[in-house]
Amino acid sequence: MDWNSDGIPDIIFGQRRGGIELYAGNVDGTLRFAGHPVYTDGREISTSYNSSPWLVDWNGDGVLDLLLAGYLTDTLHGGRLAVLPGIPSPDGLVFDETGCIDLTSLCDLRRTTAQTGDLDGDGDWDLVLGCESGEVLYSENTGSDGEPRFTSSTLLWCESGPVDVFTRFAGCGRARPTVCDYDSDGTNDLLVGCHAGWIYVFRGIPADADTTAGSTGGRMLAVQGPLSRGVLRYFLALPAGECADLAVVDTAGRVLAQHSARPGGSGSLEVPGDAEGICFLSAAWGGGSCSRRLLAL
């Protein structure tokens with residue numbers, strides 16, 4: 001994000017002990033420390049522990065506001081989620097404590113994180129929330145970008161069940177979600193970091209796409225977790241009666257495994273050999289193909 005509006009990407013990040021640091025980007029790609037966001041009286045903004053800041057123009061007034069998550073007490077339901085309105089200032093990022101908007105009712109779980117992104121494709125941004133226990137939650141904006149409104153949150157789901165980087169996808173919890181168009185197809189995707197250091201990619205499905213296995217509509221290929229101990233889990237959506245040829249290829253172009261005539265639905269592949277690092281799973285059918293990046297452990 002470019003929080004100082006100089007056309008160069010910058011960074012804002014939270015600290016384990018609750019503080020927030022700002023780094024400004026330089027033209028040569030390096031960064032310089034630029035201080036801390038503060039309240040109008042000059043006090044540094046922080047949570048009690050594990051702050052997670054995100055900058056967004058919450059009320060559409062052209063000034064960045066601070067979406068701040070973290071937690072206040074070291075308990076399961078000790079999380080905090082709030083918005084601090086931004087105040088125009090030549091001295092950096094300054095926020096109004098008295099105008100704080102409390103959103104903790106949406107998610108009060110330990111180590112809460114929050115970011116904005118248009119996940120439902122209706123033109124306004126929604127909230128995506130992560131927490132200590134590994135789940136990723138979604139809160140729909142039922143208002144607008146200028147007057148956002150949030151009343152509840154729900155678990156995000158993928159083909160195999162809830163997006164959970166503790167029990168369903170190995171990651172030791174502490175979900176850290178980010179919304180972006182990872183594969184540049186015009187639909188937002190979800191990246192989820194976790195305590196184990198992995199980043200899981202969940203591909204967004206266009207609202208008008210028919211991706212039901214066995215239907216007459218669209219096609220989709222999704223990787224369900226990393227390639228671990230020679231086993232790769234995947235989901236393949238194809239029209240009724242159609243099959244696809246699958247292949248796993250490493251970054252050097254070596255074909256590690258090939259599997260012909262696979263039907264749609266969830267499945268697994270055995271990938272023998274010395275697969276490691278970044279690999280690619282591809283599916284090919286008559287007249288088309290698609291691929292997905294994956295991580296071999």
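Here's a quick tour of the aromatic rings and cysteines in this structure. Keep in mind that the model is predicted. It holds nine aromatic pairs, while a search of the whole structure turns up zero disulfides.

**Aromatic rings**

- A pair of aromatic rings is described by how far apart the centres are and by the angle of the planes.
- Take W58 and W125: their ring centres sit 4.8 Å apart with the planes at 50 degrees, so this pair is tilted.
- W58 is in the loop between β5 (49-56) and β6 (65-71), and W125 is in the loop between β11 (113-117) and β12 (126-130), so the pair ties together parts that are 67 residues apart in sequence.
- Both of these residues, W58 and W125, are buried.
- W125 also pairs with F150, and that pair is stacked, at 6.0 Å centre to centre and 25 degrees between the planes.
- F150 lies in the loop between β13 (136-139) and β14 (154-155), so its pairing with W125 ties together parts that are 25 residues apart in sequence.
- W125 has a relative accessible area of 11%, and F150 counts as buried at 13% relative accessibility.
- Elsewhere in the list of aromatics, F13, Y23 and F33 form one cluster.

**Cysteines**

- A disulfide is a covalent bond between the sulfur atoms of two cysteines.
- For C194, the closest cysteine sulfur belongs to C172 and is 7.1 Å away, which is too far for a bond, since the cut-off is 2.5 Å.
- C194 is buried, with a relative accessible area of 11%, whereas C180 counts as partly exposed at 24% relative accessibility.

Technical notes. Residues numbered from 1 in each chain as written. Predicted model: local features only at pLDDT ≥ 70, side-chain atom pairs only at ≥ 80, totals over all residues. Heavy atoms only, no water. Phe/Tyr/Trp six-rings, centres within 6.5 Å; stacked < 30°, edge-to-face > 60°. Helix = DSSP H or I, 4+ residues; strand = E, 2+ residues; numbered from the N terminus. Buried < 20%, exposed > 50% of the residue type's maximum accessible area, 1.4 Å probe, protein only.
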